[in-house]
Amino acid sequence: MADEPLSQEEIEARLGDLPGWALEGDRIARGYRLPSHFAAAALTVHVAQIQEELGHHSDLTLGYNTVGLSVNTHSAGGAVTEKDLTLAARVEAIAPAHGAR
């Protein structure tokens, strides 16, 4: 995956396919609410596994029954790249299985 920064228009168009994700400054971010703390912790571990597979890591926050992600690409000067959108899409694909909404 390229580390080329995406334009604001490209980011906004792609976020249309990722419900709940938003551009916040120089990052894309999303929060999830889960049915329990255990479900939130399980989602966090699953996200960490995906991040390891991709070699691309977000800021990942575990709350009582919440999980938050915020990501940009450091090697692209802190801009949003295809790597960030790929990570977001992978997380979106697995979140419902954990009861996330």
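How many residues lie between β3 and β4 in the hairpin that these two strands form? In this predicted model, the hairpin of β3 and β4 has 3 residues between its strands. Strand β3, residues 59-62, runs antiparallel to β4 and is joined to it by 4 bridges, with T61 standing opposite G68 of β4. On β4, spanning residues 66-71, antiparallel pairing is also found with β2, residues 27-33, over 6 bridges, and here G31 is the residue that stands opposite G68.

These pairings belong to an open sheet of 4 strands, arranged in the order β1-β2-β4-β3 with antiparallel pairing. Strands β1 (22-24) and β3 form the edges, each of them pairing on one side only, and from one strand to the next the twist averages 25 degrees. Helix α2 packs on this sheet through contacts with β2, β3 and β4, and its direction makes about 165 degrees with that of β3. Helix α3, in turn, lies across β2 and β4 and runs at about 10 degrees to β2.

The largest nonpolar core comprises 24 residues, and those with the most contacts inside it are L15, W21, I28, Y32, L34, L43 and L69. Two or more residues are given to this core by each of α1 (8-15), β2, α2 (37-54), β4 and α3 (82-94). For L43, when residues up to four places away in sequence are not counted, the residues touched are Y32, L34, V67, I94, A95, H98 and A100.

Definitions and conventions: Residues are numbered from 1 along each chain as its sequence is written. This is a predicted model: local features need pLDDT of at least 70, side-chain atom pairs count only at pLDDT 80 or more; totals for chains, interfaces and linings use all residues. Side-chain values use heavy atoms; hydrogens and water are left out. Two strands pair if DSSP finds at least two bridges between them. A nonpolar core is a set of buried Ala, Val, Leu, Ile, Met, Phe, Trp, Tyr and Cys residues joined through side-chain atoms within 4.5 Å. Buried means under 20% relative accessible area, exposed over 50%, partly exposed in between (1.4 Å probe, protein chains only). Contact means heavy atoms within 4.5 Å. Axes are lines fitted to C-alpha atoms, for helices over the stretch in contact, and angles run from 0 to 180 degrees between N-to-C directions.
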